[in-house]
Amino acid sequence: MNKQGQKRGPWREVWRRLKQNKAAMVGLAIILILVFSAIFADFIAPYGYDDQDLKARLQGPSMQHFLGTDNFGRDILSRIIYGSRVSLQVGFIAVGIAIAVGGTLGAISGYYGKRLDNVIMRLMDVLLAIPGILLAISIVAALGSGLQNVMIAVGIGSIPGYARIVRSSVLTIREQEFIEAARAVGASDFRIITKHIIPNALAPIIVQSTLGVAGAILSAAGLSFIGLGFQPPTPEWGAMLSTGRNFIRDHWHMTAFPGLAIMITIFGLNLLGDGLRDALDPRLKN
Amino acid sequence: MDKNKKMLSINNLSIHYITEEGTVAAVQDMNLEVAEGETLGLVGETGAGKTTTALGIMRLIPEPPGKIVQGEIVFQGKNLLDMTTEQMREIRGNKISMIFQDPMTSLNPVIPVGEQIAEVIILHQNVNAREALERAAEMLEKVGIPPERIKEYPHQFSGGMRQRVVIAIALACNPKLLIADEPTTALDVTIQAQVLKLMNNLKKEFNTSMIMITHDLGVVAEVCDKVAIMYAGNVIEYTDKKSLFTEPRHPYTLGLFGSIPSIEDDEERLNPIKGLMPDPTNIPSGCPFHPRCPKVMEICSEKVPKDTEVSKGHFVKCLLYEE
Amino acid sequence: MHKYILRRLLLLIPVMLGVAFIVFTMMYFTPGDPAAIMLGEAASEHDVERLREEMGLDRPFIVQFSTYIKNLVVHQDIGRSYQSKKPVVTAILERFPTTLKLAALGVLVAVLLGIPTGIISATKQYSIFDSASMVAALLGVSMPNFWQGLMSIIVFSVWLGWLPSSGFSTPMHMILPALTIGTSSAAIITRMTRSSMLEVIRQDYIRTARAKGQKEFIVITRHALKNALIPVLTVVGLQFGYLLGGAVLTETIFSIPGVGRLMVDAIKQRDFPIVQGGVLFLAITFSFMNLLIDILYAFVDPRIKSQYK
């Protein structure tokens, strides 16, 4: 009954190992700062994201505007801070969609096997045959741009990854004795999948999703960059880069800082993801 | 036994592994000798320091974390520890070669076996690639593998066959000293006997000296002339085979014999040595065996025992026999 | 071996049909009436209706899809561009060599940078070189390539004036795009090569090679590398696919007339046949590339080869 009690042990051990990994802690700190600034953007940002000051257009970094202003005289730092809201939302929700759909498909596929497995996995092969960004582009082209559609478009591309992880976890776990035992006491398929198989597949999913959020943020920024993501005045990092590109000859700061924000975010997520992988599976560590 | 021609002598050798968890004295103050054509058995449990000794002789200890702290390894009158990497390469595979424990992993999976044998021949003999392959085919035949299989890859051979290939590589250059690190442990019992017999025959044919690393006293009885028993990095008993089997002295050696079931004596049960091997980073003080020793004395936890010659050529590291 | 290749080719057919299905479905559900888009705003409702009938747009989904597949397979025809009225296949094939060249250059950069760095890092684990290249690789993975492209334009074209900022005509023009598209793949290949090498270096057969008296350089290049590169090969194949996708962004930044640029322009003009055709075409290329890698595998790894004899 009391699964929580048994569970605490291994997770505490993972946390202990993770804490020893300096790089992972730096990554975690970056992510926490980002989440914090996304939540409290209204208090942290020196200006509103759409506060235009046409007298102060295209200014370089200064004491008034640490990272300069854009072509409408908007404060770039503030737009980057507000932009973290969009990016984190897209990253987490897109991965959430992918885990929900991919995980379910993978669990069904691995658990029931045979025909259904074949159909689902071939479907995943089809999705994998289309390079991620192209898939996202064609989905957004079809659905139209906007936050919600970008999330869906980016999420769909990463479904196969989660489906495969969960499926292979299920296949290895399915034959183990405790599943036999659960079945013997009359647990339903749904209960076995959710109570036994999913928790056991969690470690690789956590690692994959940390890196997945990074990938999703990158894809979303890429979509915005080619004009398929968010429409102005939404403060989105990729869209800011796209605008900056028009002023690239004389106003480098408009391009440099939003990109730096993306890079630091992805860097943090990658550090954390690598650390989590080592902490969750010490055997993999070199 | 030709005592006059000394092939290898190890003097006061200590090898440590320095890790974050602490320093492991894998080999501690070791003294051994192997004469020409002689076979020395190196016996002990896993972690006793046998493989480290072998790798030390080959100068293949991974550094770091490994480090040869003191002593010398004299081979044909020259200290191997003073040699340059270049000189050492001339010796490896040529004058001293080694057979590893697991034949499933000790051959390169993407290179045909013939080329793997030929490689060592090209390295040490003045022949071209074609001649080396011819010699490799001869070697295969010598270890009982049809030479037509020269172009096959390791995965196409069984475990016993692979170990024969490894033996062919080791003996291809007619080495003066062969180090065999548990060459039969990973094999089926029936195959073990074949491989041992093969090694024994080839050794006699080439008059090779050998160090046979094993944890199996049966193997010792079959192939060795002399035996060194190791425990936690120390050679605790060192003598010829006959006196080891007739008058073992060290309580640990006695314990080893006590763990073997005997058909003749109608014993009620085996007498395994109680306790476990000590944690290598935390070796007990004094005699490392004292916590498990049935004859432990008060002094054993304080004083480190030295080599004591109990009878001619029979050395024991035990305070029971010290003056 | 031939049988294996044939079987793999046959397995590709359902996947390609699946891709075509997805692409077609998305086109089908895209809002906006293709006939109306083609004729422009001035057209009368009657003309639009007639064109719809002509194009078969009034027929059920499944009929339209089978017609699409039939045209694709029999006539290699996947429609015409709404804008230029050119057949989609022609429009793409005109641009494709450029994209392929860009992706290939990217892979070249990635392999030439990634594999040697990975090998040296692994053989000198924990050295300064190793730490530095691992941090660099992590930054490389984290850097959005479109941003890297823009920054390299700022530095090398605007500030230093060394390299041109757009076009793809001469080798000088190709430097920045190739670096832009190849950097993240180089980083991924570096990491993969390093971890694969570290794994292989610890294997017993490497010790065997050293015990033969082999030189360390040969131990690494002959014994370790051949084994370590087997998993790296898969990654290189996958990267090629990502680069075909990444070409969309790189071509946009450097104004390179490739398939990616064609697609982005088409999106803006709602020229959907071009968009879907581009996706289909690049997905097919990607699949063939992966097939090629799988076949190469068999030549590198005798264990796989003997499975398919």
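Biologist: How many bridges join strand 1 of chain B to strand 2 of chain B?
Modeller: There are 10, between residues 6–19 and residues 22–35, and the two strands run antiparallel. Strands here are DSSP E runs of at least two residues, numbered from the N terminus. Two strands pair if DSSP finds at least two bridges between them.
Biologist: How many residues lie between the two strands in the hairpin?
Modeller: The hairpin has 2 residues between strand 1 and strand 2 of chain B.
Biologist: Which residue stands opposite B:Leu8?
Modeller: B:Val34, in strand 2 of chain B.
Biologist: Before I go on, what are the ground rules?
Modeller: This is a predicted model: local features need pLDDT of at least 70, side-chain atom pairs count only at pLDDT 80 or more, and totals for chains, interfaces and linings use all residues. Residues are numbered from 1 along each chain as its sequence is written, and chains are lettered from A in the order in which they are written.
Biologist: Switching topic. Which chains share the most contacts?
Modeller: Chains A and C, out of 2 pairs of chains in contact. A contact means C-beta atoms, placed from the backbone, within 7 Å.
Biologist: How far apart are the nearest C-alpha atoms of chain A and chain B?
Modeller: They are 14 Å apart, and the two chains do not touch.
Biologist: And how many helices and strands does chain C have?
Modeller: Chain C has 13 helices and 0 strands. Helices are DSSP H or I runs of at least four residues. Its C-alpha atoms fill a box of roughly 85 × 60 × 30 Å along the principal axes.
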